Amino acid sequence: MLAQHLGKNIKFRLNSGRAQYIRNGGKLGRKVGSIKTLEQKKEQYKDIISYLKRGYSIRTIATLTGKGISTVQRIKKDFNL
């Protein structure tokens, strides 16, 4: 019972602090321009896209390109490959 009350109190305090920050001109979230467009991704990850189109496995592509498996998976999903 006490833990529930404390959890609600913390949530209330955090949200009120965020609201105050926004009222005073603060901005939350990612910075403008930090998210790449599909065209930017296409240029940056053209090697991964090429390997995916040729049917290489995700792990093999990650090894060949020096990128992480998650990056390869994300590119595969973004471009429906």
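This is a predicted model: local features need pLDDT of at least 70, side-chain atom pairs count only at pLDDT 80 or more; totals for chains, interfaces and linings use all residues.
Residues are numbered from 1 along each chain as its sequence is written, and side-chain values use heavy atoms, with hydrogens and water left out.

Is Arg 59 buried or exposed? With a relative accessible area of 63%, Arg 59 is exposed, given that buried means under 20%, exposed over 50% and partly exposed in between (1.4 Å probe, protein chains only). I also checked Arg 59 against Ser 70, 11 residues apart along the chain, and their C-alpha atoms are separated by 9.7 Å.

Next I looked at which residues of α4 meet α5, and I found Ile 58, Arg 59, Ile 61 and Ala 62 of α4 meeting Ile 69, Val 72, Gln 73 and Lys 76 of α5, where contact means heavy atoms within 4.5 Å. The residues of this contact divide into 5 nonpolar, 1 polar and 2 charged.

Finally I turned to Lys 41, which is found in helix α2 (residues 38-44). Lys 41 counts as buried because its relative accessibility is 18%. When I left aside its neighbours within four places in sequence, I found Lys 41 in contact with Lys 36, Asp 78 and Phe 79.

Technical notes: Helices (H or I, at least four residues) and strands (E, at least two) are DSSP runs, numbered from the N terminus. Ala, Val, Leu, Ile, Met, Phe, Trp, Tyr, Cys and Pro count as nonpolar, Asp, Glu, Lys and Arg as charged, and the others, Gly among them, as polar.
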